[in-house]
Amino acid sequence: MSEGQDREELLSNFVDGELSERQAEEVERLAEQEEAICQRINQLKNLKRLLAALPRFEAPPDLNDALKAQLARNVNFDHEKAAPVDAPRRRHAVLGRIGAAAAIVVIVIALWALIHSTRKPFKEELPLAGPLEISPMVPAGQAVSGGLVARLELDVTFFSTVDTIMNRAIEYNGLSPYTDKKVEGRVKVYHIRSSRQALIAFLEDFSPAWSKVERASLRLTTEDSGNPLVLESLSADQMQQIFQRESAGQSVDFARRLVDRLQELTREHLDLAAARVPNPMLTSRESAAPPPIDLSGASGELTELTIVLRPSKD
Amino acid sequence: MPNDLTGQPSRDEDLLQAWRCGDASALERLLLKYQNRLYNVVARICSNPDDAAELTQDTFVKIIENIDKFQGKSSFYTWSFRIAVNLTLNHCQRRAKIRFRSFDSEAGELGESTTQLLREFMSDDKSPDPEDVAVNRELCEVVSACLLNLDEMHRTVITLRDIEGMSYTDIAQVLDIEIGTVRSRLSRARARLRRLLEDVLE
């Protein structure tokens with residue numbers, strides 16, 4: 001270190017009052033003798049004054065509420081790894097094409113069966129279960145069964161951005177033919193019927209939109225479970241983890257434990273139960289059911305996801 | 001036990017003790033106590049208000065997740081700032097969001113009163129009024145921009161010392177460096193900042 005740097009450091013420490021008494025007295029003595037040192041000290045003091053006078057940034061008023069919401073989102077079962085997605089996302093496009101081809105085969109078979117149904121009973125010739133197991137998707141408007149029925153309601157800022165991400169995710173994963181879109185005033189409703197795998201890939205592609213989500217509410221049910229399970233303030237990760245379970249029942253079970261874990265955490269740390277924001281974060285036993293969905297049809301691991309996009313009030 | 005106006009404990013250690021004894025709201029009060037100061041430091045380092053809000057939230061989440069492990073070897077104050085600064089520096093490095101800009105071209109655009117006020121603060125023989133800074137938005141922006149032109153470690157050490165008002169010992173704990181390194185780094189940071197401000201005036 002040069003002598004100049006040594007001196008500069010000494011003076012910097014001096015104006016901070018971080019020198020020993022003896023060192024400080026020495027600097028004061030030098031400043032009296034040497035005008036340059038005195039000037040430098042004044043410059044440093046002025047610089048400190050200038051910085052100290054900068055206005056303080058204040059945390060956004062909703063930071064505390066956001067913290068509570070984030071705590072809710074951060075609840076994960078670290079010890080419990082989500083079931084791996086069987087195929088990486090890139091494969092879904094291929095699977096989608098295979099699925100589309102399979103769907104065409106199904107239609108041809110169905111037509112063939114229809115033509116010949118006058119001669120033989122329908123059930124004997126139409127292999128309903130077979131094609132549905134091959135095809136990962138079910139065209140929009142056709143009922144699904146055996147899988148998860150989910151309704152995700154999102155209040156979002158930057159509505160058009162989220163909507164764009166949504167449409168890209170649908171398109172990229174080959175879900176367009178399996179999606180119904182409705183616009184109800186300022187609300188957009190997407191109704192997707194698909195295989196679990198395709199939906200997981202879709203959710204992964206949709207996850208960047210989550211940063212624009214102000215409120216997320218997920219209502220889950222299965223054909224057998226009856227009472228819906230309601231989760232509030234969930235994150236993209238949690239949403240994906242729910243869908244990554246091996247069966248609809250496991251998804252609901254996972255979601256239920258997620259709720260339980262959150263309640264446990266809030267009891268341990270912040271008294272969120274009494275707080276306004278993440279409440280209610282409870283398993284709902286309310287009688288209000290989601291919109292009726294026809295679950296009749298062949299069995300299979302198909303999932304029905306309704307996403308309601310709403311611009312947030314501000 | 002020192003209490004605040006509402007009769008609640010106000011010292012960090014008392015709040016922590018109250019929380020350990022089952023008062024869930026004590027931790028929340030502790031976080032609220034430092035919320036603005038943490039946010040201010042994070043915002044100065046990362047330069048983006050949205051990122052600063054998220055990083056402050058992340059800091060709080062980490063504090064809550066790890067509060068059981070906090071043994072009081074350092075103060076809660078330095079411990080929380082250490083978490084915040086580490087998160088922020090990692091964020092800056094990962095996202096490379098801090099853009100280095102030259103302000104030479106902007107110097108000519110400074111208003112006359114701003115230039116004069118900055119000259120006063122750069123001088124050695126005047127005692128400019130700090131209150132003039134607060135009301136001069138342009139000067140605040142120039143100084144903030146020059147701070148951003150410092151490298152992250154210099155910006156951090158200046159923020160902790162001259163804006164947050166932290167002692168050298170606390171800075172050393174927050175940044176996990178020797179106190180001698182704090183001394184030299186702070187001195188170099190100030191010299192560098194001064195040169196940047198002088199460039200604005202030229």
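This is a predicted model: local features need pLDDT of at least 70, side-chain atom pairs count only at pLDDT 80 or more; totals for chains, interfaces and linings use all residues.
Does Asn40(B) count as buried or exposed, and at what relative accessibility?

View 1. Asn40(B) counts as buried because its relative accessibility is 1%, and the cut-off for buried is under 20%. Leaving aside residues up to four places away in sequence, Asn40(B) touches Pro55(A), Arg56(A), Phe57(A) and Ile163(B).

**View 2. The contact between chain B and chain A.** Chain B contributes 53 residues to the contact, and chain A contributes 41 residues. About 4300 Å² is buried between the two chains, with 58% of it on carbon and sulfur atoms. On the chain B side, the residues that lose the most area to chain A are Gln57(B), Asp124(B) and Arg190(B), which together make up 15% of what that side buries.

**View 3. A salt bridge between the chains.** Arg190(B) and Asp16(A) are joined through their side chains by a salt bridge, with N to O at 2.8 Å. The count of salt bridges between chain B and chain A is 4. Polar contacts between chain B and chain A, with both residues at pLDDT 80 or more, amount to 16 residue pairs.

**View 4. The helices of chain B that face chain A.** Several helices of chain B each supply at least two residues of the side that touches chain A. They are helix 2 (24–46), helix 3 (49–66), helix 6 (112–122), helix 7 (130–135), helix 8 (137–148), helix 9 (152–163) and helix 11 (179–201). Helix 2 of chain B gives the largest share of that side, 10 residues. By residue type, the side of chain B that touches chain A holds 28 nonpolar, 11 polar and 14 charged residues.

**View 5. Chain A as a partner.** Chain A is built with 11 helices and 6 strands. It has 314 residues, of which 46% count as buried. Among the contacts in chain A with a separation of 6 or more, 77% involve residues 24 or more positions apart.

Methods: Residues are numbered from 1 along each chain as its sequence is written. Chains are lettered from A and ligands numbered from 1 in the order in which they are written. Side-chain values use heavy atoms; hydrogens and water are left out. Contact means heavy atoms within 4.5 Å. Buried area is the accessible area (1.4 Å probe) that two parts lose on being put together, summed over both. A polar contact is a pair of N or O atoms within 3.5 Å; within protein, one must be able to donate a hydrogen and the other to accept it, and residues adjacent in sequence count only if both atoms are side-chain atoms. Helices (H or I, at least four residues) and strands (E, at least two) are DSSP runs, numbered from the N terminus. Ala, Val, Leu, Ile, Met, Phe, Trp, Tyr, Cys and Pro count as nonpolar, Asp, Glu, Lys and Arg as charged, and the others, Gly among them, as polar. Buried means under 20% relative accessible area, exposed over 50%, partly exposed in between (1.4 Å probe, protein chains only).
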